[in-house]
Amino acid sequence: MKGIFLCSLCLLLFAASIWANASDQDLLISDGESSSGEVNETALVLALAGEPSGELTQEEVDGLLFMIEEEKLAGDVYSALDEMWDMRVFENIGRAELTHQAAVKRLLDRYSLPDPRMGEGEFANETLQDLYNDLLAKGSVSVRDALMAGAAIEEIDILDLEEYMAQTDKEDILLVYANLLRGSENHLQAFVNNMEKQRVEYTPQYLSEEEYRSIMEA
């Protein structure tokens, strides 16, 4: 009986050590040395189970509502561009964006917040609606422009995630945002790699040259 108690205690301590470092966990699904940017939902559920929750500030509420729509924007644009150009990069990253939306939705449910998502191509946030319309129009011109639109989405996503991460100290939100950030960095790399195959030299559209180089060299 004593041995069972000690074993259980060790397991509890081990779990506690994992939960204490939850915000540093990489929850993206990897395939060898690369990652698709998809969030592992099972791992996310386990990680969130160990994180405390509390009352949100208005900035945190606004950030969560904005981010789930921004992740939806990415998925909606990639779905439309995949139909136009039939490129695997849009299909793969579009699938990952669904897991990003699901990750933010878990936070909405955790804090009893309404889901603002509407139909495909429709957004409650007017800024995101305008951005969707502009990027879809741009991506409809050519394969090059479609890849440029994809890269622009990921750069914008990175900057927005960094901004919202700076506005919260809640580990559960930081955990999700940190993994979405890593996913967006992977997606940006994928779009740039595809442009290189098209012999297109890419220059960052929103990121600083320094941050862009840091991401590409990671």
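Where is Asp86 found? Asp86 sits in the loop between H3 and H4, the helices being DSSP runs (H or I, at least four residues) numbered from the N terminus. The model is predicted, with local features requiring pLDDT of at least 70 and side-chain atom pairs counted only at pLDDT 80 or more, while totals for chains, interfaces and linings use all residues. Residues are numbered from 1 along each chain as its sequence is written, and side-chain values use heavy atoms, with hydrogens and water left out.

Asp86 has a phi near 50°, a positive value in a residue other than glycine. Its relative accessible area is 68%, and Asp86 is exposed (exposed means over 50% relative accessible area, buried under 20%, and partly exposed in between, with a 1.4 Å probe and protein chains only). A positive phi, near 55°, is also found for Ser112, again a residue other than glycine. Ser112 belongs to the loop between H4 and H5 and is exposed, at 65% relative accessibility.

Helices H6 (residues 143-165) and H7 (residues 171-197) have axes that come within 9 Å and cross at roughly 155°; axes are lines fitted to C-alpha atoms over the stretch in contact, and angles run from 0 to 180 degrees between N-to-C directions. H6 is therefore roughly antiparallel to H7 (over 145 degrees; under 35 counts as roughly parallel, 65 to 115 as roughly perpendicular and the rest as oblique). Residues of the contact (heavy atoms within 4.5 Å) include Leu147, Ala151 and Ile158 of H6 and Leu181, Leu188 and Phe191 of H7. The contact residues divide into 15 nonpolar, 4 polar and 5 charged, where Ala, Val, Leu, Ile, Met, Phe, Trp, Tyr, Cys and Pro count as nonpolar, Asp, Glu, Lys and Arg as charged, and the others, Gly among them, as polar.

The largest nonpolar core has 60 residues, of which Leu64, Leu73, Phe90, Leu188 and Phe191 touch the most other members. Such a core is a set of buried Ala, Val, Leu, Ile, Met, Phe, Trp, Tyr and Cys residues joined through side-chain atoms within 4.5 Å. Helices H2 (41-49), H3 (58-85), H4 (88-110), H5 (126-139), H6, H7 and H8 (209-216) each supply at least two of its residues. Not counting residues up to four places away in sequence, Leu73 touches Phe123, Leu128, Leu131, Tyr132, Leu135 and Ile153.

Leu207 lies in the loop between H7 and H8 and is buried, at 6% relative accessible area. Beyond its neighbours within four places in sequence, Leu207 contacts Glu155, Ile158, Leu159, Leu188, Tyr212 and Ile215. The C-alpha atoms of Leu207 and Ile156 are separated by 8.0 Å, the two residues being 51 residues apart along the chain.
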